[in-house]
Amino acid sequence: MQSELQALRANGTWSLATLPAGKTPIGYRWVYKVKRRSDGSVGRYKARLVAKGFTQLEGIDYQDTFSPTAKIISVHCLLALAATYGWSLHQMDFNNAFLHGDLSEEIYMSPPPGLRRQGEEHLVCRLHKSLYSLKQASGQWFVKFTEAICSAGYNQSRVYYSLFTRTKGKLFTTLLIYVDDILITGNDSISIAETKTFLHSHFHLKDLGKLKYFLGIEFSASKNSIFISQRKYALEIIKDAGLLSAAPVDTPMERGLKLSDNSDLLKELGQYRRLVGRLIYLTVSRPDITYAVHVLSRFMHQPQRLHMDAALRVVRYLKSTPGQGLFFSSNSDFKLRAYCDSDWAGCPLTRRSTSGYCVFLGSSLISWRSKRQKIVSLSSAKAEYRAMTGACCELTWLRFLLKDLGFTHHEPALLYCDNKVALHIAANPVFHERSRHIEMDCHYIRDKIQDGSIITRYVNSAHQLADVLTKPLGK
C-alpha cells in the first residue's frame, strides 16, 4: 500500500485542494491481489487504490470511455510469424499503467487515510491523472501510450488499433499491447532493445525478458516451433470443480446432445456462470472445446441441472488432456485457408443454425469460431451460405492484418465448404439473383469471389476435413 501511494505521489496523480461549491467528491477503496507465477508460486503482493467510478456522472465527470484491446487472433498471427522466421518474442509489463493518462475533466476524490495532515481535514484530492476504475481511465491511458509510441517512429495499424509496426529498410519491429502488457518481436534485436529503452524513458515498466507466461497462457519456444497451452489454468478449473479424482472422458460433449430448458433450475446460478466464463477463456488455446462452450454459454441467464452436467463433462474432458494446446511450426507456406460448416436448425429452442469456421495460416491454426446465426434459415444451403459469409469476413480482415504486419497475401485465400448449393449461390450470378431473400450482408462473399481475393473449394467428406483440423492439435 505504501508503494502504491508513493507511485501516485511521484506520478502527480492528484493535488490537495478545497472542494468547490456544487461538487461532490467520489469515493475510493483498496483492492488486494496475490500475483502468481506460471508454477503457482507467489510472485508478489499487490495493492491498488481504485476510485469508485460508478458514482461518476456522464457528461460531467467523463465523456468518452472507449479503449481498444488486443484480440487473441492477433497474438496467434504474431506467433505464426515468429515461429516461421525465427523471431524472438519479448514481454513487458507496465507499472500503474492507467495512472499515466491525463484528465481533462474536473474530478475530486476523498483522500485515503494518512494523506491529510493536521489542519487539512477539509481538503480533498483534485485528480490530474487517471486512477483505476475511473470511467475514462483505460481510454486516456491508451491515448497517452499511442502518442508516445508513434513519436518513436511506429505506425498504428488502421485495421487493428492495438498493433504498432515500424519498418526501417529491411528491419521490422512490431508491438502489440493488451491493456498494460506488451509483446514485442521483429527481425532485429537492436531495434527491439531501442524500443525497450524508449519505453523505459517514458513509463515505469518491467522488462520480463523472453515470452514465457502471458495472460494465463504458457509459451514454449524452440528453433523449429512455438507451443502454447493453458495447462495451469485448466488444472485450476478441474480443481475448483472438485473433479481431480473423477474419471476422464474422451469427448467434451455427448454426440447428438441437444440442450434445452426442460430441466430443474440451479439453486446457485453463480457457480455455473463462473465455470462457463472460465471455460470461455480457455478456448483461447483449446479450439476442441469451442463448440461445447458456445452451446453452454446460451444458458447463462437461467442455467439448469442438465446444463451444469454438460459443463462438468467438459471439465472431465479437460482432465484427460490438460496440457493440450496449439502448435506453430516453422515450416509454413503462409497461405490463408479456411474451413466452414453449419448445422441446420440445430437449436431446439429457436431453430436457428450454428455456424463454425477455422482459419489456417500455412500449417498454423490462428482463428476459429462457433456462433449461432442471427435468423432462422429455411434450408441447409442458406445456413451453409451464411457460414461461408462469416469465414469470408474473417479471411478479409486477416488479409488486412497481415498487410499491416508487412506480409502482403498476393494469392487468393482458399475457403472450403461441403455444400455444393451454397458454393453455386456464392459464385454464380444467376443463383444470386434468385436468392435475393437472403440478407444483403451475406452477399459480401460474392464480391470477394469476383475480385479474386477468395476462392471457394468443395470438401468431399467429413473425414477429409477432420484429418486437416486435427493436425495442429497434436491428436
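Student: Why is Lys206 called partly exposed in this predicted model?

Tutor: Lys206 has a relative accessible area of 27%. Buried means under 20% and exposed means over 50%, so Lys206 counts as partly exposed.

Student: What makes Asp93 buried?

Tutor: Its relative accessibility is 13%. The cut-off for buried is under 20%, therefore Asp93 counts as buried.

Student: How do you know that the side chains of Lys206 and Asp93 meet in a salt bridge?

Tutor: The N to O distance is 3.3 Å. A salt bridge requires a side-chain nitrogen of Lys or Arg within 4 Å of a carboxyl oxygen of Asp or Glu, so the pair meets the rule. Lys206 belongs to strand 11 and Asp93 to strand 4, so the bridge ties together parts that are 113 residues apart in sequence.

Student: Why is the pair of Arg286 and Asp288 called a salt bridge?

Tutor: The closest N and O atoms are 3.1 Å apart; the limit is within 4 Å, so the pair qualifies.

Student: Are these two residues, Arg286 and Asp288, buried or exposed?

Tutor: Arg286 has 1% relative accessibility and Asp288 has 19%. Buried means under 20%, so Arg286 counts as buried, and so does Asp288.

Student: How do you know that the span of helix 8 agrees with its number of residues?

Tutor: Helix 8 has 16 residues, and at 1.5 Å a residue it should span 22 Å. The end C-alpha atoms are 24 Å apart, which agrees.

Student: Which helices do the buried residues of helix 8 pack against?

Tutor: They pack against helix 5, helix 6 and helix 7. Among these buried residues are His307, Arg313 and Tyr317.

Methods. Residues numbered from 1 in each chain as written. Predicted model: local features only at pLDDT ≥ 70, side-chain atom pairs only at ≥ 80, totals over all residues. Heavy atoms only, no water. Helix = DSSP H or I, 4+ residues; strand = E, 2+ residues; numbered from the N terminus. Expected span 1.5 Å × (residues − 1). Buried < 20%, exposed > 50% of the residue type's maximum accessible area, 1.4 Å probe, protein only. Contact = heavy atoms within 4.5 Å.
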